[in-house]
Amino acid sequence: ETEEVELDKVAERCLLRRDFAEARDVSLAALDNLLCENLASGSGVRLAFVLGQSLFELGDLAGTDKTHLRRIYGSFKSIPDEVVVLWVALLAAKGEAETLRRFTDSYVKLNSSRLGDVAGGTFLQLYVFDVLCEALDEPQRARDWLAGNLRAPKDQKTKRRLEKRVDAYVRGRSERG
């Protein structure tokens with residue numbers, strides 16, 4: 001445990017110094033050596049954040065769903081929610097459409113029963129608006145997903161809010177030309 005804490009602090013210091021390659025290497029090595037049960041711990045999540053941010057800064061996010069996340073966690077069901085949200089946000093911000101599509105499609109399929117609970121609903125917002133609309137420019141797919149997946153009475157408020165955002169995106173897109 002002490003070694004984990006030291007490595008996450010070393011990785012964080014590298015990131016703060018803008019030594020992104022070293023931050024990537026330290027965080028990846030530390031994550032590779034963590035026991036499975038510690039990957040979702042505070043230290044494990046911080047190391048994954050450092051890894052994601054350093055890969056973002058290095059421009060190396062493409063394909064990381066296969067090369068890094070699967071290697072570290074084994075399954076998309078095992079990735080801590082906070083790490084999923086960060087990874088999706090970083091992939092969307094970098095415009096990594098292919099990796100973003102593959103990662104979110106797999107994650108959504110494997111976690112469909114609990115998507116509304118992932119990071120307090122933040123994942124739904126990211127997926128429907130930031131991924132399907134803004135990053136992939138697929139507002140009809142966003143509408144279809146909402147219609148087919150948010151059917152429970154408890155989900156109707158969230159569904160309406162997201163539908164309004166999708167509608168606003170489509171209006172804005174048509175106004176831009």
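Which residues touch the most other members of the largest nonpolar core?

Reply: In the largest nonpolar core, which has 55 residues, W87, F103, F123 and W145 touch the most other members. A nonpolar core here is a set of buried Ala, Val, Leu, Ile, Met, Phe, Trp, Tyr and Cys residues joined through side-chain atoms within 4.5 Å. Buried means under 20% relative accessible area, exposed over 50%, and partly exposed in between, with a 1.4 Å probe and protein chains only. Helix α7 (residues 122-135) gives the largest share of this core, nine residues. Helices are DSSP runs of H or I with at least four residues, strands are runs of E with at least two, and both are numbered from the N terminus.

A word on what you're looking at: this is a predicted model, where local features need pLDDT of at least 70, side-chain atom pairs count only at pLDDT 80 or more, and totals for chains, interfaces and linings use all residues. Residues are numbered from 1 along each chain as its sequence is written, and side-chain values use heavy atoms, with hydrogens and water left out. The pLDDT is the predictor's confidence in each residue, from 0 to 100. The chain averages 89, and 97% of the residues score at least 70. Helix α8 (residues 139-149) has the highest mean pLDDT among the elements, 94, while helix α1 (residues 2-16) has the lowest, 81.

Leaving out residues up to four places away in sequence, W145 touches V108, L115, L124, Y127, V128, L132 and L150; contact means heavy atoms within 4.5 Å.

Now W87, which is one of the buried residues of α5, along with D81, V83, V84, V85, L86, V88, L90 and L91. Helix α5 (residues 81-94) has 14 residues and reaches 20 Å from its first C-alpha to its last, close to the 20 Å expected. That expected span is 1.5 Å times one less than the number of residues. The cover over the buried residues of α5 includes α3 (42-58), α4, α6 (97-110) and α7. After α5 comes G95, with a positive phi near 75 degrees.

One of those covering helices, α4 (residues 64-73), holds K66. Setting aside neighbours within four places in sequence, K66 is in contact with R71 and R102.

The largest pocket has about 290 Å³ of space. On a 1 Å grid over the protein atoms alone, a pocket is an open set of points with protein on both sides within 12 Å along at least five of seven lines, where a 1.4 Å probe fits, and lining residues have an atom within 4 Å of a point. Points are joined across faces, edges and corners, and the volume is the space filled by probe spheres set on them.

Finally, check two loops. Most residues other than glycine have a negative phi. A119, in the loop between α6 and α7, has a positive phi of about 55 degrees although it is not a glycine. D137, in the loop between α7 and α8, also has a positive phi of about 55 degrees without being a glycine.
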